[in-house]
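Hi everyone, thanks for coming. Let me put a structure on the screen and walk you through a part of it.

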Amino acid sequence: MTVLHAWRAGRVTPLGELYAPPRMTAALLRLTVQVVLVASLWRGLYAQSGTTAGLGREQAVTYAVMAVLASRLRELDQYAGRDTVQQHMHYGTIVYWYLRPLPPQHYYALRALGEQLYGLAWALAGYLVCLVAGVVEPPGSAAVAGVFALSLLLGQWVLHYVMLVIDQLCFWTLRNGAALMILLFAQNLLSGVFAPLWYFPDWFVTLSSFLPFQATLSVPLSLYVGRIPLSDAPFQLGVQAGWLAVLALLTRLLWRRAARRVIAQGG
Amino acid sequence: MSGSIEVRGLTRTFHTTVRRPGFGGALRSLVNPERVAKQAVCDITFDVAAGELLALLGPNGAGKSTTIKMLTGILTPTSGEARVAGVVPYRERERNARNIGAVFGQRTQLWWDLPVRESFAILRDIYEVPNVEHAARLREFDDLLDLSSFWDTRVRHLSLGQRVRSDLAAALLHDPPVVFLDEPTIGMDVVVKEQVREFLRNQVEERGRTVLLTTHDMTEVERLAERVVLINHGRLVLDGTLGEIRRRFGSTWQVRATLADPHAVLGPLPGIALVRREGPQVVFGPDGSGAPTVHQALKAVIERYEVSDIAIDEADLEDVMRAAYVHAEAG
C-alpha cells in the first residue's frame with residue numbers, strides 16, 4: 001500500500017511553514033489580535049443585555065473565540081508554496097501528480113491531513129491559553145467534551161471535502177479564485193464564524209441547514225457551549241455523517257472525471 | 001526488467017472549438033460552437049532498445065510532447081499501442097509510474113517551499129525506496145551533479161541550472177529503467193548543459209537506462225544520441241542513426257589537406273572531387289550521389305597522399321536537421 005509508505009507526504013505544508021518563520025509570526029499575531037477583538041466585541045455586545053438567542057455572555061464569547069481558533073485548522077499558506085491545485089494547473093505541474101505511484105486523490109488527502117494536524121496543534125495551543133486566561137469556558141462535562149471532539153472531527157472532514165470540491169473545479173475552469181472567495185464568505189457566514197447562527201432569522205437558519213457549512217463548525221461549537229443539548233447530539237452527528245457520505249461520493253466522482261480530463265488534455 | 005519502448009501506430013486526435021473572428025463570430029461560437037478534430041500524433045511506430053538514448057526531434061508543435069505524454073501514461077492515445085518496460089502506460093498508470101522518470105522542461109516536480117533534500121525525501125516515501133538505497137543513490141547523483149552544494153536550499157531560491165539538476169535527480173531517485181526528458185536543458189548555460197549531458201551519458205552507459213529525449217539543441221543530440229526519430233505534423237518522417245541522416249541531408253563535407261610534397265600529382269579518388277588547390281593546400285569534396293562519408297574520405301586521402309596537416313569541415317547538425325525539416329515539409 002503506497003499510501004501507508006507515503007504518509008510522510010503529509011508534512012509538505014507544515015514543513016513549508018516551519019521553513020518560513022515570518023509566516024508563523026504573522027499567523028500568531030493575526031490570531032492573537034482576532035481573539036482579543038472578538039472577545040472584546042462579544043463582551044461589549046452583551047454588556048447591556050442578558051441571554052440573547054439562547055446564548056449567555058460566556059457562551060457567546062466562547063463560541064466566537066473558538067470559531068476564530070478553529071479557522072486556523074485549514075488556513076495554511078499553500079499559495080505561497082505554489083502548491084494549490086490552481087497553481088499546479090496553471091504551471092502544468094499537475095502532470096507530476098499523475099506520474100507517481102501514489103494516486104492524486106491519496107496525495108491530496110495526505111497533504112490535507114498533515115495540514116489539519118499542524119493546524120490542530122495551533123488551535124489546541126490557542127485554546128489552552130484562552131482557557132487558562134479565562135477567555136473561553138471549559139466544556140460542561142466529559143461527555144460534552146467527547147461529543148464535541150467527535151463532532152469537530154466530522155465537521156473538519158466535511159470542510160475538507162468542501163475545499164476539495166472547490167479545488168477540483170480547477171480541472172475544468174483552470175482558476176477557482178472567484179469560487180474560493182464565494183466559498184470563504186459562505187463558509188464564514190453559514191458556519192457561524194462571523195456570528196453564531198442562532199442570531200440569524202429562522203428562515204436563514206432553515207436555508208443554511210440545506211447546505212453543508214453548518215455541519216463544519218456551527219454544530220460542534222453549539223454542542224461545546226451547550227446551545228445544542230447532548231440529547232440532540234446523535235441527530236446532529238448523523239447529519240454531519242450524512243454530509244460526509246454525500247461529499248465523499250461527489251468528490252470521488254469528480255476525481256475520476258478530473259483524471260479523465262487530464263488524460264484527455266495531457267495535463 | 002527490460003527498459004525497452006515499443007510504439008505501434010500511435011495516434012492522438014484532439015477535438016477543439018474553433019473561435020470565429022470578431023464580436024459576432026465570438027457570439028456565434030458561443031451559441032453554435034464549431035468543433036474540429038486535430039491529429040497531434042498520427043500513426044507513429046518506432047522502438048527504443050533497452051539502454052539506448054533516442055532523440056525525438058521535430059519543430060515546435062510537431063507532436064513530440066504529445067508522444068511523450070502518451071508514453072508516460074498521462075494521455076490516452078486515440079488508437080495504436082505503446083509498451084514501456086513491458087507495461088501499457090495509459091492502462092496501468094501506477095505500475096508504469098514505478099518504471100519511469102520524467103522531466104518536463106522547466107516544470108518542476110519539487111516542492112517550492114522546501115529544501116531540495118526534503119523534496120527528495122518525500123519522493124523516497126512516495127516511491128517506497130529503502131533508506132539505504134536512497135542515500136547511496138543521492139551520493140551517486142551528488143558526485144555527478146554536485147547537488148550537495150545547494151540541496152539544503154529551498155527550491156524557490158535555486159537558479160534554473162540548480163533546479164533542473166535537482167529535477168533530474170528527483171526523476172531518477174527511484175531507479176527507473178526508462179527516462180523521458182522533454183527539453184530538459186532549455187534555457188540553461190553551457191556549463192550546466194555539459195554537466196547534465198555527462199550525467200545522462202553516465203546513466204545510459206553505466207546504469208543502462210533507456211532515455212527518450214526531446215530537444216531543439218543539436219549539440220545535445222550530437223553529443224548524446226546515436227539514433228534520431230524525426231516527426232513533423234504528427235507523422236514520423238525519419239528514423240535512423242545520425243550518420244544516416246547526415247548522409248541523406250547533409251553531404252556537404254570538405255576535407256582540407258596540406259600535402260607534404262607541394263608538387264605531388266593528384267589522381268582520381270572514387271566519389272571524391274578536388275574542389276581547390278593552392279600549392280600544397282588542397283580541398284576535396286563529395287563527388288556525386290555515391291560520395292563516401294567524410295570519415296571514409298579522410299581515410300582515402302591519408303592513404304593515397306602524404307599529408308602534413310589535415311582537417312574536415314562538416315555541415316553542422318543544425319543545418320542537416322534544417323534540411324531534413326524542409327524535406328519533411330515538402331514531402
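I'll start with chain A and then turn to a sheet in chain B.

First, some ground rules: this is a predicted model, where local features need pLDDT of at least 70, side-chain atom pairs count only at pLDDT 80 or more, and totals for chains, interfaces and linings use all residues. Residues are numbered from 1 along each chain as its sequence is written, while chains are lettered from A and ligands numbered from 1 in the order in which they are written.

In chain A, an unreviewed UniProt entry places "transmembrane region" at residues 117-136, 142-166, 178-200 and 237-255. Those positions use the numbering here, feature names are shortened, and annotations may be inferred rather than shown by experiment. Over residues 142-166 of chain A the chain is 100% helix and 0% strand, with its end C-alpha atoms 36 Å apart. Residues 178-200 of chain A come out at 57% helix and 0% strand, and there the end C-alpha atoms are 26 Å apart. Helices (H or I, at least four residues) and strands (E, at least two) are DSSP runs, numbered from the N terminus.

Now over to chain B. In what order do the strands of the open sheet in chain B stand? The order of the 6 strands is E5-E6-E7-E3-E8-E9, with mixed pairing; two strands pair if DSSP finds at least two bridges between them. Strands E5 (100-104) and E9 (235-241) of chain B are at the edges with a single partner strand each, so one side of each has no neighbour in the sheet.

E6(B) runs parallel to E5(B), joined by 5 bridges; Val178(B) is the bridge partner of Ile100(B), and Val179(B) stands opposite Gly101(B). With strand E7(B), residues 210-214, E6(B) also pairs in the parallel sense over 5 bridges, and here Leu181(B) faces Leu213(B) as its opposite residue. Between E6(B) and E7(B) the chain passes through helix H7(B), residues 190-205, in a right-handed β-α-β crossover, meaning that with the strands pointing away from the viewer, the path from the first strand over the helix to the second runs clockwise.

Is E6(B) buried or exposed? 5 of its 5 residues are buried, so E6(B) is largely enclosed by the rest of the structure. Buried means 20 or more other C-beta atoms, placed from the backbone, within 10 Å of a residue's own; exposed means 12 or fewer, and partly exposed lies in between. Val178(B), Phe180(B) and Asp182(B) point one way, Val179(B) and Leu181(B) the other.
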